[in-house]
Each structure stands twice: as structure tokens, then as C-alpha cells.
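This report looks at how the inside of a protein model is packed. Please have the sequence and the 3D view open while reading.

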Amino acid sequence: ERYDLAIMPPSYHIGGMEHARLNFVNPSFISGDGSLVSLIAHELGHSWSGNLVTTANWDGVWLNEGLTVWLERRIMEELFGRDYEEMLAANGATNLHAHVDAVTASGGSTSLHQDFGGRDPNEGFSTLAYEKGYSFMRTLEERVGRAEFDLFIKAFFSRHQFRWIDAAGFLASLRAGPLAGKPGLETELRLEEWIFESGIPANAGDVSSTRFAAVDRELAAFHSGAAPSSLRTSGWSPHEFAYFLRNARDSIIATRMGTLESTFGFDATRNLSLLFRWSLRSAMHRYAPSFDAMERYLMSVGSGSGLYAIYATLLNTGERPRALDIYSRARPRYHPYSQWSIDALFNPPARLSGAPRALPPTKY
């Protein structure tokens, strides 16, 4: 009957938390331009996936998070169109492939189902649960058909409401629902491979963003020497500008930071997600004119991997005194998780007592 949001202090250590009817939200997602409302859609989606029906234990956290990312992006598509949703999906796919490559290189497992016996369950809130879980749900939707899959999801929530579910129960629901009498379709879907094996199955649906493809064309022009003011950026959302900054070649953007800032005004953006991308570039290329904007980011956000990434970049580029100065002033604003992880970067004599043994969770 009622749905509210509680805007938490900046030090709130996660993006959002799906308390039933009153979701907690990190204020960094209140951007003023509406570009980060996918978080609100995500927490709203948790009202069904995670609250109405929840995973039996954290081994199956992807059942909560992967299905919720799928719901979130369906809501974004409904509100802003398929081309907007595909930008979010493309970002997720990029992060997923990078995560799978990194974990595989270290010898770890990238299966959806994980065994957390004796492990910190915070590790479950990784890109795997969110983005591999989403990719699995998207593959199911595409292969089964959207109309039939929507009916299945509605029936799934109704049938299992106020109960827990595990991987076996979800597979049983699929087999009793849209896969009933379709052994060929089940074989095509590779269900067991998706859930219990590492890697990304070959039948994963392609994500193709036409809006990011347009950014790629402007990136090519930028790399060829075109002035930022000549680029066709009219109508770009913060997602497109962030994509541009993320994918611009280091050797080229390093010499053109000034013209980018004077053209697009990145220093003044209120969107902390975009400011993070710009601040990371400023730290990477030691672009001093934007250090004040970078400090604004570091003093405004109290949690998350963005802080760690910027401080680590400052240290790696010879800006340790600046990083220490900012951190000494900003540290009281940070959540203990963030304090602990960044303390480890600087290795100061006064380490937090009773510090957690895991990096901050990426819970949304």
C-alpha cells in the first residue's frame, strides 16, 4: 500500500537495502538529473525478489540479486526505452567479463552457485550474483519468449511468496512451467552449466547498445584529433559521458583534459557517478586543475570502491602527500568498511581495532 525511501548519511556503506516498504538509499545516487534512479528500481524490485521470495541461504544469493537486476532493467526499459536499458546492460556485461577474467586468472570459481561454508558471505555480493545472474535471466527470457517468461515470473512469485527458494527449487519451477514438455529447449538453455559451472555459457544473449555505439564513433573522432566541442554529444546522458571517459585512450586523453573540462564542465557535475569517472582520470593523469573537484568527490562519498580506486591511483602516480592530506580530513566521514580498506593502502600506525576481514560489500 505504501513505498518510501530513507535517504541515509553519506557514510552508508552500501548503495541501497531492500527493507520492506522502506528502502534505504545512499545519497550519492540522488544525482539531480535522474540518471541513477535504476537503484530505486532495483530496491523496488527486491520487494518481490528477495523480500516476498528469498534465497534459502547465501550460496544462492544470485537468486535474489540476479533476478532483481533483471526486474530493475525491465523497469528502466518501461520508463526510458530499450536503448536506455541497453546502456545499463552493456555496462553490466563489461563489468561481468572483466570480473570473470580476473577471478579465473586467480584460480577462483565463477559459478553462480557458491559454497560459502566457512567464508564471509559478503563475498557473495559480487558481480557474479548481479550480472551473471542477470545474464542468466535475460537468456531465459530471450529463449523462452518475453510474454511466456513474464507469466512464469508472476506465477513464481505467487506460488513461493513468503517462502525461501534455492537453485534446485528454481530449476524445478522452470521445468514445471515454461520448459514443461520441451526437452530440446532445456538442452539449449544449458541450465546446469549456468548455475554450477564457471565462466559465461556460449548461449548468453548478446548486449548491443546503439547509444554506446554512437559514443564509440565520437571516441574515434576524438582519437583522430577532433576537438571536444566538435563532437556530437547533444542529448547525451551521464551514462554516455561516463562511457566516453572510461574508454578514451590514456595517451590521448592525458593531453586533452583541459579542453574536455572547458567544453563539458565535468568539475561542476552534481552526478557523483560521473564525477568519479572524471576524478579517476584526473588522478591517473595528474591533472592538477581538477584536483579540487576530485577532492569534492572524496569528501562527499563515504563508501564504495570508488574511494579506494582514486586513493590507489593517487598513490600509484606519486601523489601520496596529497592523498594523505585529503584522507586525514575525509576519513571521519567514511564508513568503517571504507576506513579499513583505505587504511590498508596507506598502512598508517593507527589501524582500526576489530576491523572486518573483508572489503566493503557491493550490496545494492
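Contact means heavy atoms within 4.5 Å. The model is predicted, so local features need pLDDT of at least 70 and side-chain atom pairs count only at pLDDT 80 or more, while totals for chains, interfaces and linings use all residues. Residues are numbered from 1 along each chain as its sequence is written, and side-chain values use heavy atoms, with hydrogens and water left out.

The pLDDT is the predictor's confidence in each residue, from 0 to 100. Its mean for the protein chain is 93, and 95% of the residues reach 70 or more. Over residues 349–360 it stays under 50.

A nonpolar core is a set of buried Ala, Val, Leu, Ile, Met, Phe, Trp, Tyr and Cys residues joined through side-chain atoms within 4.5 Å. Buried means under 20% relative accessible area, with a 1.4 Å probe and protein chains only.

| Core | Residues in it | Among its members |
|---|---|---|
| Largest | 36 residues | Trp62, Phe136, Leu140 and Phe170 |
| Second, separate | 27 residues | Ala41, Tyr84, Leu231 and Ala248 |

In the largest core, the four residues named have the most contacts inside it. One of them, Phe136, is in contact with Trp62, Leu112, Phe170, Leu191, Trp194 and Ile195, leaving aside neighbours within four places in sequence.

In soluble globular proteins, nonpolar side chains tend to be buried together.

Key. Buried < 20%, exposed > 50% of the residue type's maximum accessible area, 1.4 Å probe, protein only.
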